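Visitor: Could you show me how to read pairing and charged contacts in a model such as this?
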Amino acid sequence: LLFEPSGGSTAARKLIPYTKGLKREFLQGLWPWLLDLDKNFPRLKHGQLYFSITPVAAENGRTRGGIPVGFADDTEYLGRLGAFFVGRKFCVPAAVKNIRNMDEFMYRTLFHLLKARDLRFISVWNPTFLTLLMDQFAANREQLTRDVAAADKDRAREISNAGTDGLWPDLEVISCWADGNAKPMADKAQKLFPRTYIQPKGLLATEGIMTVPVEGLGKKLTSAHFFEFEDDAGNVTPQGGALQPGRIYDIILTTSGGFYRYKIGDRVQYRGKDCFDFVGKGSHVSDYFGEKLNESHVCAALRDLSCEFCMLAPRGDGYVLYVDEKAEVSRAFAAALDTRLRENFHYDYCRRLGQLRDVAVFRIKGDAHAQHARNCVARGQRLGDVKNLCLSNKDDWQFEGSLL
């Protein structure tokens with residue numbers, strides 16, 4: 001039917017083939033989540049909804065063979081029935097995604113969100129997208145209020161007098177990533193909207209839908225595709241086999257879109273009763289000198305670091321830990337991090353050979369998440385696809401700040 005560009009957060013973007021079978025499987029995974037939301041939050045159906053839309057990618061259009069690239073409308077994921085019952089409640093018009101200028105895109109998104117007094121549900125991928133929207137609101141509040149007043153003076157008065165948590169008095173649920181490296185920003189979103197329930201998203205990629213949140217149970221494996229699970233010893237267990245609670249597995253995916261026994265690179269921890277938590281990108285490796293650093297290892301090494309933003313990335317002949325300016329990081333922590341990384345034989349070997357120097361720390365001045373997002377968008381990523389990664393294999397990050 002079409003190709004959909006992958007997120008491109010850990011590697012070059014790929015064009016994923018979408019067939020009728022794959023669309024049917026996505027629906028098979030999405031509808032149980034939507035029905036569970038309706039069961040546990042019945043008032044959602046009486047208000048407006050916001051499902052994050054992002055500007056169309058530059059490569060959207062058609063392939064040389066004439067096949068469309070990219071969905072024309074995000075509601076196509078939901079099928080015709082879903083587009084009718086859910087899509088008609090969307091408060092931000094689909095046409096907003098055609099705005100290429102990022103500042104204008106954010107402004108128009110905010111304008112439509114602010115007009116929707118009865119907004120009940122927000123779904124974004126990265127919670128950073130929501131916090132950046134709120135930063136834009138704070139910076140442009142007066143102009144936004146004037147623009148809303150042109151359409152609805154009563155609503156404009158409400159906006160001018162409300163704090164962030166009072167902008168949408170009926171907002172019940174925010175759905176976003178809240179695991180792993182996204183947790184600090186999900187916590188920040190919770191502080192912005194203390195009366196709203198933050199529901200951690202399940203595991204979904206362009207290639208397939210793996211888990212969805214079910215209230216009271218956790219993130220349940222969907223029946224959308226056929227799954228297999230590979231442990232660190234290389235043992236593969238098919239879906240329905242005996243998995244060990246607490247053990248970490250790599251997901252292997254077979255779909256109707258043409259992927260057969262595809263290692264998507266996502267690592268999950270089995271919680272029992274078909275529930276899984278995302279722990280990192282197992283196949284995401286940075287390897288400039290033969291060090292073969294793996295994101296799962298780096299995330300584990302950074303687990304106790306208290307900060308809102310942290311990312312390890314290569315720079316010159318070593319690695320730099322980029323952190324926000326409030327992070328509690330010292331040179332002693334950098335040395336301890338280097339020791340943890342040397343548990344990786346390949347990294348340790350490069351350090352002993354002198355190919356890699358000690359880990360350095362770069363303290364980012366200002367909004368680290370906003371600067372990170374700008375870096376990613378400049379590389380061609382869509383804003384909604386930007387992910388918080390513990391490890392990057394890119395060596396050209398541009399942040400304001402200085403080395404510790």
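Guide: Tyr322 stands opposite Phe362 in β20, where strands are DSSP E runs of at least two residues, numbered from the N terminus. This is a predicted model, in which local features need pLDDT of at least 70 and side-chain atom pairs count only at pLDDT 80 or more, while totals for chains, interfaces and linings use all residues. Residues are numbered from 1 along each chain as its sequence is written, and side-chain values use heavy atoms, leaving out hydrogens and water.

Visitor: In which sense do strands β19 and β20 pair?

Guide: Strands of a sheet pair through backbone hydrogen bonds, either parallel or antiparallel. Here β19 (residues 318-324) and β20 (residues 360-364) run in the parallel sense over five bridges, pairing being assigned if DSSP finds at least two bridges between two strands. They belong to an open sheet of four strands, ordered β18-β19-β20-β21 with mixed pairing.

Visitor: Which residue forms a salt bridge with Lys219?

Guide: A salt bridge is a side-chain nitrogen of Lys or Arg within 4 Å of a carboxyl oxygen of Asp or Glu. Lys219 forms one with Asp277, the closest N and O atoms being 3.4 Å apart. Because Lys219 lies in strand β10 and Asp277 in strand β15, the pair ties together parts 58 residues apart in sequence.

Visitor: Are Lys219 and Asp277 buried or exposed?

Guide: Both Lys219 and Asp277 are buried, the classes being buried under 20% relative accessible area, exposed over 50% and partly exposed in between (1.4 Å probe, protein chains only). Asp277 also forms a salt bridge with Arg271, at 2.8 Å between the closest N and O atoms, and Arg271 counts as partly exposed at 48% relative accessibility.
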